[in-house]
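Visitor: I have a protein chain to look at and some questions about it. Could you take me through them one at a time?

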Amino acid sequence: MQKSIFSKYFRVCAVTVLLAILVLGVMFMAFAAQYFVRDKLDLLTGTSQVVQRYIRLYALEHSEDQTVELEEAILEPTLTTLSESNNSTIFLTDVNGSTLFCTEGDNCELHKTYRVPPDILKKAGEGIYAENGRLGNYYKTPQYTVCTPIQVDQSATIGYLFVGSTSEDLQEFLKEMVKIFLICAIAVLLATFIITYFVTLKMVRPLREMSAAAKKFGQGDFTSRIRIDSDDEIGQLGMSFNNMAQSLSTLESMRRSFIANVSHELKTPMTSIAGFIDGILDGTIAPERQNHYLRIVSDEVKRLSRLVRSMLNLSRIEAGELKVNTAPFDIMEVICETVFSFEQSINGKHLDIRGLDTDKVMVDADPDLIHQVVYNLVDNAVKFVNEGGYLEFSFNVDGHMTYIGIRNSGEGLSKEEIPKVFDRFYKTDRSRGIDKNGVGLGLYLVRSIINLHGGDIIVKSAQGEYTEFVFSVPTARSKNPSLVKGREKEYPGQQNAQPSNPEGKPKA
């Protein structure tokens with residue numbers, strides 16, 4: 001069975017917390033035991049020092065020939081009281097380790113039977129000796145023992161003082177500490193598991209939402225979005241996911257719109273072609289009118305050819321397959337040749353051509369692609385210029401870029417239309433009545449070609465006055481002569497200009 005990231009993360013956190021508490025418990029018990037032993041030995045050492053002071057005072061107050069029995073009778077009440085106060089055993093030995101006095105009295109069979117090992121006495125003679133053990137097998141079970149030599153006025157050692165206590169207190173102490181620690185550990189574990197559960201659930205919630213949304217994306221539904229509650233890595237991932245969803249939704253809308261537009265643009269001429277040909281074949285169209293309708297069929301076929309060619313060029317550009325073969329050339333020649341090709345339409349509208357009296361304008365670009373750009377822009381200008389109006393060309397060199405402007409007088413574009421003129425298949429309401437053969441791909445293709453050259457294109461318009469497209473291409477390395485007279489300082493960045501792509505890249 002597939003394990004969820006929630007269960008994996010929760011198990012990792014739980015195991016980590018358990019190990020941390022286990023290590024903490026072991027260290028805590030070790031330090032507690034060490035502290036208890038040290039405290040116990042310090043207590044016995046303090047008792048030993050009190051007894052030593054009492055013995056020295058006793059020795060100073062009594063003559064040297066007093067018997068041991070008398071000493072025991074006098075020492076016993078005080079030492080017994082001290083031993084009972086801290087639950088310890090006090091006994092005195094001679095220099096050979098034989099017991100002279102024990103606070104356990106007649107019950108002390110051990111101290112009267114055994115002698116303290118010489119090595120222990122030797123260590124005690126060097127100062128205070130303390131241990132937690134069996135006193136060299138003197139005891140059958142481990143004991144806390146402190147031993148100090150008995151000396152009067154810094155003279156020779158006359159015996160040894162032992163203060164001991166059972167180690168069973170440590171076991172009782174550790175048992176109580178374990179109980180306290182377990183209670184605290186269980187409380188901490190419960191709180192930690194609850195907190196970890198909800199924190200983990202909150203962390204994986206965006207991932208689950210992404211998984212569910214991704215499944216919907218696979219079914220074509222791009223409406224799902226991720227709730228973003230933080231600005232950490234998960235929040236940034238959710239934001240990126242939402243941006244991706246928005247991009248996919250936009251692309252899907254563009255794809256559907258593209259298919260619908262292409263279908264419409266193909267259907268209209270194909271319907272006309274089929275209708276006219278069927279009319280000629282079945283005799284519906286009179287023989288004297290057949291040439292007229294065949295010319296219409298020819299125009300529709302050319303329209304289909306332009307549509308397919310434009311779509312192929314766009315596909316190659318967007319797939320990155322179109323190779324740009326740059327070379328220095330005079331763009332003035334391209335513009336003049338293009339204008340001459342529209343001579344009939346220009347004369348028919350009685351247009352005034354301006355700005356072609358300029359010297360060479362050398363650019364570094366692909367001549368064939370730039371010819372498509374110029375042709376589309378001039379064709380667009382000639383279509384929408386008003387009767388008796390003008391076409392005006394302008395040039396400006398600004399650093400490494402050359403800006404070429406193509407302006408036509410006429411009705412112009414509204415503010416709402418300007419941002420849309422570079423969209424695929426977009427045609428204004430006015431152009432639908434004037435441009436019967438266009439498919440709305442010309443300006444989109446123009447922008448894509450210009451962006452391939454690292455340039456940009458903008459549109460400016462004033463309603464009732466003019467429309468102007470200004471595009472930029474790299475300047476040729478050879479220095480251009482002084483160009484334009486008058487308007488060359490307007491580019492780039494004129495008022496009411498709409499950039500095609502601020503980043504200089506074609507849209508996908």
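Visitor: At what angle do helix α8 and helix α10 pack?

Guide: This is a predicted model, so every value here is computed from it. Helix α8 covers residues 331-341 and helix α10 covers residues 367-384. Their axes lie 10 Å apart. The packing angle is about 40°.

Visitor: Are α8 and α10 parallel, perpendicular or oblique to each other?

Guide: Angles under 35 degrees count as roughly parallel, and 65 to 115 as roughly perpendicular. The angle of α8 and α10 is about 40°. The two helices are therefore oblique.

Visitor: Is the crossing of α8 and α10 left-handed or right-handed, and what kinds of residues make the contact?

Guide: The crossing is right-handed. From α8 come I331, V334, I335, T338 and S341, and from α10 come I370, H371, V374, Y375 and V378. Sorted by type, the residues of this contact are seven nonpolar, three polar and no charged.

Visitor: How many helices and strands does the protein chain have?

Guide: The chain runs to 508 residues, and 41% of them are buried. Among contacts with a separation of 6 or more, 68% join residues 24 or more positions apart. The count for the chain is twelve helices and 13 strands.

Visitor: Which residues of α12 are buried?

Guide: Helix α12 spans residues 442-452 and is mostly covered. Nine of its eleven residues are buried. After α12 comes G454, with a positive phi near 80°. The buried residues of α12 are L443, Y444, L445, V446, R447, S448, I449, I450 and N451.

Visitor: What is the phi of H350, and is H350 buried or exposed?

Guide: Most residues other than glycine have a negative phi. H350 is not a glycine, yet its phi is positive, at about 55°. H350 sits in the loop between α9 (343-349) and β7 (352-354). Its relative accessibility is 58%, and exposed means over 50%, so H350 is exposed.

Visitor: How are the rings of F28 and F181 arranged?

Guide: The chain has seven aromatic pairs. In the pair of F28 and F181, the ring centres are 6.0 Å apart and the planes meet at 15°. Planes under 30 degrees apart count as stacked. The pair is therefore stacked.

Visitor: How many residues apart are F28 and F181?

Guide: F28 is in helix α1 (residues 5-61), and F181 is in helix α5 (residues 168-218). The pair links distant parts of the chain. F28 is partly exposed, with a relative accessible area of 35%. F28 and F181 are 153 residues apart.

Visitor: What type of aromatic pair do Y197 and F198 form?

Guide: Y197 is partly exposed at 35% relative accessible area, whereas F198 is exposed at 51%. Their rings are 5.3 Å centre to centre, with 90° between the planes. Planes over 60 degrees apart count as edge-to-face. The pair is edge-to-face.

Visitor: Is E300 buried or exposed?

Guide: E300 lies in helix α7 (residues 287-318). Its relative accessible area is 13%. Buried means under 20%, so E300 is buried.

Visitor: Which residues is E300 in contact with, leaving aside its neighbours within four places in sequence?

Guide: E300 belongs to helix α7. Set aside its neighbours within four places in sequence. The contacts of E300 are then P269, S272 and I273.

Notes
Residues are numbered from 1 along each chain as its sequence is written. This is a predicted model: local features need pLDDT of at least 70, side-chain atom pairs count only at pLDDT 80 or more; totals for chains, interfaces and linings use all residues. Side-chain values use heavy atoms; hydrogens and water are left out. Axes are lines fitted to C-alpha atoms, for helices over the stretch in contact, and angles run from 0 to 180 degrees between N-to-C directions. Helices (H or I, at least four residues) and strands (E, at least two) are DSSP runs, numbered from the N terminus. Angles under 35 degrees count as roughly parallel, over 145 as roughly antiparallel, 65 to 115 as roughly perpendicular and the rest as oblique. A crossing is left-handed if the near helix is turned anticlockwise from the far one by less than a right angle, and right-handed if clockwise. Contact means heavy atoms within 4.5 Å. Ala, Val, Leu, Ile, Met, Phe, Trp, Tyr, Cys and Pro count as nonpolar, Asp, Glu, Lys and Arg as charged, and the others, Gly among them, as polar. Buried means under 20% relative accessible area, exposed over 50%, partly exposed in between (1.4 Å probe, protein chains only). Rings of Phe, Tyr and Trp (its six-membered ring) pair if their centres lie within 6.5 Å; planes under 30 degrees apart count as stacked, over 60 as edge-to-face and the rest as tilted.
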